[in-house]
Amino acid sequence: MKIAFARTGRTEIAASREAEAFPNHESPIKNHDFNNGIRPTLAELVALRALAAARRVPRRGRHGASGPAPSALRGRGMEYAESREYAPGDDARHIDWRLTARSGRPHTKLYQAERERLTLIVADTAPALYFGTRVRFKSVQAARAGAIGAWAAVRDGDRIAALRGSAAEAPVPPAAGPRGALRVLDALVRWYAQPPGDDAGLDVALDHAGRLLRPGSRLLILADPASIAAVPARRWPALAMHGEVVVLLLTDPLERDPPRAALPFRSGQQRIELDLGVAAQRQRWRNAFDAPLRTALATLPTRGVRVQALSGDAASDAWLPLFSTRGAA
């Protein structure tokens with residue numbers, strides 16, 4: 001059920017995207033700025049670059065191998081670059097036998113060093129995310145957290161890609177630097193402005209992600225706890241095999257700690273009052289919102305996944321310590 005929730009007094013007014021369909025005199029977000037915590041803006045996400053840059057990366061040794069800092073190189077790589085004549089000390093396993101036979105002199109293959117890892121951002125676009133009662137919608141917090149992840153990837157020299165659960169929309173292709181980040185930010189703004197009509201679910205998005213990941217990749221998943229609950233348990237170890245997996249569970253203070261009172265909601269044109277002072281109603285609320293969150297926080301770490309809850313009223317970079325810098329464990 002898609003709902004809108006309004007509160008008066010000193011607290012903020014929050015409502016679902018569907019409130020736009022209400023007559024103006026009934027809308028709980030009448031005269032409210034849609035760009036103030038309800039929809040993400042590109043300018044807002046671009047400005048978050050400073051938060052990602054604030055966490056310093058270990059300094060590299062001047063000659064690459066000196067000191068405790070990791071090198072930017074990520075291994076020999078598998079992309080063939082060229083062949084040259086064999087020199088003492090070259091690995092005999094890399095001899096180019098065809099060129100050696102043609103020239104009569106031993107040659108060895110050289111490979112392009114792998115300098116960039118992939119940071120892939122997976123965006124859950126379930127309707128439950130487009131809601132909030134404090135500071136910003138969960139969808140806006142998801143966009144902001146994804147933007148910080150993208151800027152952290154730029155800082156670390158990664159290529160950045162993004163996708164959501166859709167059979168029609170292709171992933172944002174991997175690209176490095178600010179150009180790659182801006183492509184991802186543009187997609188996050190589009191995806192989290194309103195619920196996409198073709199959302200196919202988080203598990204579909206993770207299936208696509210598994211095909212793109214390579215060893216050493218870094219995966220950031222922005223999701224509603226209920227979406228995580230619908231993902232088969234076998235999915236997580238398979239993703240964690242490729243590298244680092246971080247899951248951010250987007251929550252709202254009302255979901256986690258509702259008042260013991262009657263709360264008004266709207267579903268379409270219908271007004272609903274839910275009395276959370278009644279024990280049975282409160283238990284149903286916990287089963288719908290708190291139980292999936294607690295289950296995810298308890299089980300995902302056992303499957304090789306780093307996980308953290310991120311409330312809509314929390315600092316958008318509060319999760320960033322979960323993201324390792326290049327070369328960190």
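Colleague: Before we start, what does "buried" mean here?

Modeller: A residue is called buried when its relative accessible area is under 20%, exposed when that area is over 50%, and partly exposed in between. Please keep in mind that this is a predicted model.

Colleague: With that in hand, how many residues of helix H4 are buried?

Modeller: In H4, 17 of the 18 residues are buried, so the helix is mostly covered by the cut-off of under 20%.

Colleague: Where does H4 lie, and what is its span?

Modeller: H4 covers residues 138–155 and reaches 26 Å from its first C-alpha to its last. That is close to the 26 Å expected at 1.5 Å a residue.

Colleague: Which glycine follows H4?

Modeller: Gly157 follows H4, and its phi is positive, near 80 degrees.

Colleague: Let us step back. How many helices and strands are there in the chain?

Modeller: The chain has 10 helices and 11 strands. It is 329 residues in length, and 43% of them count as buried.

Colleague: What share of the contacts is between residues 24 or more positions apart?

Modeller: Among contacts with a separation of 6 or more, 72% are between residues 24 or more positions apart.

Colleague: Which residues of S7 lie on each side?

Modeller: One side carries Ser217, Leu219, Ile221 and Ala223, while the other carries Arg218, Leu220 and Leu222. Both faces are covered. As a general rule, side chains in a regular strand alternate between the two faces of the sheet.

Colleague: Which strand pairs with S7 over 5 bridges?

Modeller: That is strand S4, residues 118–123, which pairs with S7 in the parallel sense. Within this pairing, Val122 has Ile221 of S7 as its bridge partner.

Colleague: And how many bridges join S7 to S8?

Modeller: There are 7 bridges between S7 and strand S8, residues 243–251, and the two strands run parallel. Ser217 stands opposite Gly243 in S8.

Colleague: Which residue meets Arg218 in a salt bridge?

Modeller: The side chain of Arg218 meets that of Asp158, with an N to O distance of 3.0 Å. This pair links distant parts of the chain: Asp158 is in the loop between H4 and strand S5 (159–164), Arg218 is in strand S7, and they are 60 residues apart.

Colleague: Is Asp158 buried or exposed?

Modeller: Asp158 counts as buried because its relative accessibility is 1%, under the 20% cut-off. Arg218 is also buried, at a relative accessible area of 0%.

Colleague: How many salt bridges does the structure hold?

Modeller: The structure holds 18 salt bridges. Another of them joins Asp207 to Arg211, whose closest N and O atoms are 2.7 Å apart.

Colleague: Where do Asp207 and Arg211 lie?

Modeller: Both are in helix H6, residues 202–212, and they are 4 residues apart, about one turn of the helix. Asp207 is partly exposed at 27% relative accessibility, whereas Arg211 is exposed at 58%.

Colleague: Which residues do salt bridges that share partners join into one network?

Modeller: The network contains Arg117, Arg155, Asp156, Asp158 and Arg218.

Colleague: What about Arg190: which residue forms a salt bridge with it?

Modeller: Glu169 does, and the closest N and O atoms are 3.2 Å apart. Arg190 is in helix H5 (residues 177–191), and Glu169 is in the loop between S5 and strand S6 (172–176), 21 residues apart. Arg190 is partly exposed at 43%, and Glu169 is partly exposed at 24%.

Colleague: Since H5 came up, which of its residues are buried?

Modeller: The buried residues of H5 are Gly180, Ala181, Val184, Leu185, Ala187, Leu188, Val189 and Trp191. Their cover includes H1, S4, H4, S5, S6 and S7. H5 has 15 residues and reaches 22 Å, close to the 21 Å expected.

Colleague: Finally, the surface. Which residues form a nonpolar patch there?

Modeller: Leu42, Val46 and Leu182 form the patch, and together they have about 210 Å² of accessible area. Leu42 lies in helix H1, residues 42–47, and is partly exposed at 37%. The accessible surface of the chain comes to about 16600 Å², and 52% of this belongs to carbon and sulfur atoms.

Definitions and conventions
Residues numbered from 1 in each chain as written. Predicted model: local features only at pLDDT ≥ 70, side-chain atom pairs only at ≥ 80, totals over all residues. Heavy atoms only, no water. Buried < 20%, exposed > 50% of the residue type's maximum accessible area, 1.4 Å probe, protein only. Contact = heavy atoms within 4.5 Å. Areas by Shrake-Rupley, 256 points an atom, 1.4 Å probe, with all protein chains shown as cover. Patch = residues over 30% accessible without salt bridge, like charges linked within 9 Å, V, L, I, M, F, W, Y side chains within 5 Å. Salt bridge = Lys/Arg side-chain N within 4 Å of Asp/Glu carboxyl O. Expected span 1.5 Å × (residues − 1). Pairing = 2+ DSSP bridges.
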